[in-house]
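Subject: Structure handover

Hello,

Here is the structure I promised to pass on. Please open it beside this message and follow along.

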Amino acid sequence: MIESKLDLYIDGLGVNFSGFQAVSNFSMVVAHGEMRVLLGANGAGKTTLMDMICGKTQSTEGKVFLGEQEITNKPPHVIARLGIGRKFQIPSVFKELTVLQNLSVAAMKQVSVFANLGSMKRQIHMDRLAEVMELTNLNKKADHVAGTLSHGETQWLELAMLIIRNPKVILLDEPTAGMTADETLKTSRIMNDLKGRHTIIVVEHDMAFVREIADKITVMHQGKFLAEGRISEIEKNQAVKDAYLGSGGIA
Amino acid sequence: MTHSHLKIMAYVIFIVTVLMLPLALDEFWLNRTAKYLIFGMLGVAVSLSWGYAGILNLGQGMFFGAGAYMLGMSLKLASPTSLEQGTESPIPDFMMWNAEPNAVIDLCCINSGSFLWIPFQSQTFGLIMAIALPVLFAWALGSIIFSKGISGVFISIITLASVLLMRLLVVDNQALTGGFNGLTDLAWFTVFGYEFDPYSVTTYYLVACSLIVVLLLTRLLINSRSGLILQSIRDDQNRAKYLGFDAAAYQTFFFCVSAAISGFAGLLYVITSEFASPTFMDLTFSITMVIWAAVGGRASILGACIGAIAISMLGSSVSESELFVESWQAILGLCFVLVVLFMPNGLAGIAHGLCKKFVARQDDKKQRNEQNKAEELTKGGAA
Ligand SMILES: Nc1ncnc2c1ncn2[C@@H]1O[C@H](COP(=O)(O)OP(=O)(O)O)[C@@H](O)[C@H]1O
Ligand SMILES: [Mg+2]
């Protein structure tokens with residue numbers, strides 16, 4: 001390891017889907033507490049990269065470290081237990097359970113079947129639950145069935161489920177997709193609140209949102225690393241301009 | 001009065017009714033009702049697996065059958081006919097009929113598999129195996145299915161194939177299992193010298209208390225943290241995995257619990273009916289169980305339990321009348337289709353809805369009362 005205060009270290013990661021190289025030789029170092037934005041056109045491989053980090057897709061080359069520990073291609077639930085939380089592009093929550101139940105499941109400290117045969121009350125901190133619901137604007141929805149929530153609320157619920165587990169690293173795939181302007185604004189508030197408490201990697205297209213939250217940006221292009229730097233640097237970067245030329249720049 | 005109060009009330013009414021029935025029924029009906037209660041236990045097992053774990057098992061009969069045969073083997077060896085074959089160890093009559101002319105007449109070697117019966121001379125062994133074997137089957141099957149992430153209709157196909165395979169094996173090994181005839185002419189279940197006469201009130205209470213215990217334990221299990229996690233896995237397996245839960249372990253565990261309940265039901269059925277038959281592993285029986293749960297409400301264990309009891313009761317009284325003998329299966333099938341189409345949560349779903357309305361109306365009334373009071377107070381204050 002190069003630095004001691006880094007949370008996520010990706011070294012030459014890549015995947016080949018039976019002939020199609022979706023991501024190749026990608027490296028990135030994310031420091032503790034950093035908010036990193038991942039940019040790239042559709043199909044650049046951002047989702048696939050996150051899939052490899054959290055164990056959803058098996059990488060075919062390279063390594064991933066969480067702090068000192070290698071987590072390359074471990075089973076998803078093991079990676080999750082080690083401290084990586086993942087939010088999906090298509091929001092996924094437990095539709096037949098209430099908001100409170102969704103969060104209770106996420107808040108459970110024990111993960112094994114036998115350890116969880118006990119009653120519900122003993123293990124869940126209601127204070128923490130209330131705090132997270134407040135943060136994600138869900139405090140009035142505690143008893144609503146998750147399947148009845150609006151799209152934006154569903155996104156927040158999934159976010160809340162990650163936050164309540166208090167993972168070291170949070171991976172967010174397009175958290176504002178399909179949100180109204182107002183909801184996007186609320187989401188950026190949530191993100192800024194999380195800043196510094198978790199190491200966060202977020203895929204996002206909305207440049208106003210990116211300006212609002214980002215520390216540092218990494219740009220992917222056709223499965224490869226293209227550029228990295230502060231937002232002003234990225235906007236000036238020639239390689240980025242060239243790559244985005246067809247689509248009229250990143251903003 | 002809240003929703004959970006009404007739920008508790010439903011359980012209490014059910015339990016009290018079950019315990020009071022011997023006051024109203026004669027021996028014949030007690031025995032019959034005991035069998036229906038056992039089917040109720042199967043309803044609980046199906047509800048747990050289908051409603052709460054999202055596993056539509058079309059081969060629940062394999063666990064029921066395994067439980068029944070395991071205790072059945074012990075009771076067969078304990079029967080007078082087996083004991084009076086003039087040999088040192090008891091030998092089932094069908095083994096004698098199927099024996100080769102020069103076979104050694106002993107349980108160890110009358111045929112190539114008969115040694116498997118030796119430990120069943122102990123009824124305790126049969127009793128333990130009646131739970132252990134279904135659990136073992138479920139564990140083996142579940143570990144493969146769930147760790148491979150197989151889900152939905154494929155699980156149904158695999159379990160369906162498994163029960164058919166098991167039925168085939170039982171029927172084909174006549175010398176070992178009694179084949180088509182199954183195990184008949186069984187001894188009574190005996191504990192510390194007390195014999196459980198299938199037509200006695202004691203046997204009825206054995207079954208009734210077993211059902212109540214299973215019902216309450218399952219309820220407890222569902223209300224536990226694991227129970228909630230199980231339901232979350234049913235809703236979205238991936239979300240649960242990426243929160244750190246080993247979905248396969250949860251599914252396998254509850255699949256085994258469901259198998260244990262079915263095995264327990266199987267052993268109780270042998271005690272009350274005095275036979276074990278390959279029909280327990282008929283496809284129609286396993287599917288009937290699913291219909292019980294669907295009609296009663298698969299997402300409610302009490303609903304599924306009552307569904308099983310009510311439908312099997314209705315079925316046996318209806319099929320006694322000439323008119324319905326042939327058509328009962330068709331009627332049952334039609335019920336299933338209608339329920340699936342028009343009331344996905346079954347009778348329990350309807351009861352649930354009614355309770356909700358009732359609670360809401362009560363809350364309304366309370367609010368209005370309080371409002372009225374408040375208004376009167378302000379009026380009083382003004383005057
Ligand atoms: N399982 C898969 N099999 C084959 N190709 C895939 C698979 N997953 C993603 N891809 C391809 O990899 C590329 C990158 O996709 P993705 O990571 O979703 O892009 P992004 O999230 O940046 O829009 C796309 O061309 C996509 O079609
Ligand atoms: Mg994507």
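Phe94(B) and Trp117(B) are both buried. Please keep in mind that this is a predicted model.

Rings

How do the rings of Phe94(B) and Trp117(B) sit relative to each other? Their centres are 5.9 Å apart and their planes are at 65 degrees. Angles over 60 degrees count as edge-to-face, so this pair is edge-to-face. The two residues come from distant parts of the chain, 23 residues apart. Phe94(B) is in helix α5, residues 93-98 of chain B. Trp117(B) is in the loop between α5 and α6 of chain B.

There are other ring pairs to look at. Over all chains, the whole structure holds 24 aromatic pairs. Take Tyr9(A) and Phe65(A) next. Their ring centres lie 5.7 Å apart, with the planes at 25 degrees. Planes under 30 degrees apart count as stacked, so this pair is stacked. Tyr9(A) lies in strand β1 (residues 6-17) of chain A, and Phe65(A) lies in strand β4 (residues 61-66) of chain A. The pair therefore ties together parts that are 56 residues apart in sequence. Tyr9(A) is buried, at a relative accessible area of 17%. Phe65(A) is buried too, at 15%.

Ring pairs also build a cluster in chain B. Its members are Phe39(B), Phe64(B), Tyr269(B), Phe275(B), Phe280(B), Phe285(B) and Trp292(B).

Where the chains meet

Now look between the chains. On one side, 23 residues of chain B make contact with 38 residues of chain A. The two chains bury about 2700 Å² between them. Of that area, 66% is on carbon and sulfur atoms.

Two salt bridges join chain B and chain A. In one salt bridge, the side chain of Glu96(A) meets that of Arg234(B), at 3.7 Å from N to O. There are also 14 residue pairs in polar contact between the chains. Which elements of chain B give two or more residues to the side that touches chain A? They are α9 (201-223), α10 (225-235), α11 (237-241) and α12 (247-273) of chain B. The largest share, eight residues, comes from α10(B). By type, this side of chain B has ten nonpolar, six polar and seven charged residues.

Lys87(A) is in strand β6 (residues 84-87) of chain A. Is Lys87(A) buried or exposed? Lys87(A) is buried, because its relative accessible area is 1%. Its side chain makes a polar contact with the side chain of Gln155(A), at 2.5 Å. Beyond its neighbours within four places in sequence, Lys87(A) is in contact with several residues, including Glu158(A), Leu162(A), Asp173(A) and Arg239(B).

Asn25(A) is in strand β2 (residues 20-31) of chain A. Asn25(A) is exposed, with a relative accessible area of 55%. Asn25(A) and Val15(A) are ten residues apart in sequence, and their C-alpha atoms are 8.8 Å apart. Leaving aside neighbours within four places in sequence, Asn25(A) is in contact with Gly12(A), Leu13(A), Gly14(A) and Glu61(A).

Best wishes

Note on methods. Residues are numbered from 1 along each chain as its sequence is written. Chains are lettered from A and ligands numbered from 1 in the order in which they are written. This is a predicted model: local features need pLDDT of at least 70, side-chain atom pairs count only at pLDDT 80 or more; totals for chains, interfaces and linings use all residues. Side-chain values use heavy atoms; hydrogens and water are left out. Contact means heavy atoms within 4.5 Å. Buried area is the accessible area (1.4 Å probe) that two parts lose on being put together, summed over both. A salt bridge is a side-chain nitrogen of Lys or Arg within 4 Å of a carboxyl oxygen of Asp or Glu. A polar contact is a pair of N or O atoms within 3.5 Å; within protein, one must be able to donate a hydrogen and the other to accept it, and residues adjacent in sequence count only if both atoms are side-chain atoms. Helices (H or I, at least four residues) and strands (E, at least two) are DSSP runs, numbered from the N terminus. Ala, Val, Leu, Ile, Met, Phe, Trp, Tyr, Cys and Pro count as nonpolar, Asp, Glu, Lys and Arg as charged, and the others, Gly among them, as polar. Rings of Phe, Tyr and Trp (its six-membered ring) pair if their centres lie within 6.5 Å; planes under 30 degrees apart count as stacked, over 60 as edge-to-face and the rest as tilted. Buried means under 20% relative accessible area, exposed over 50%, partly exposed in between (1.4 Å probe, protein chains only).
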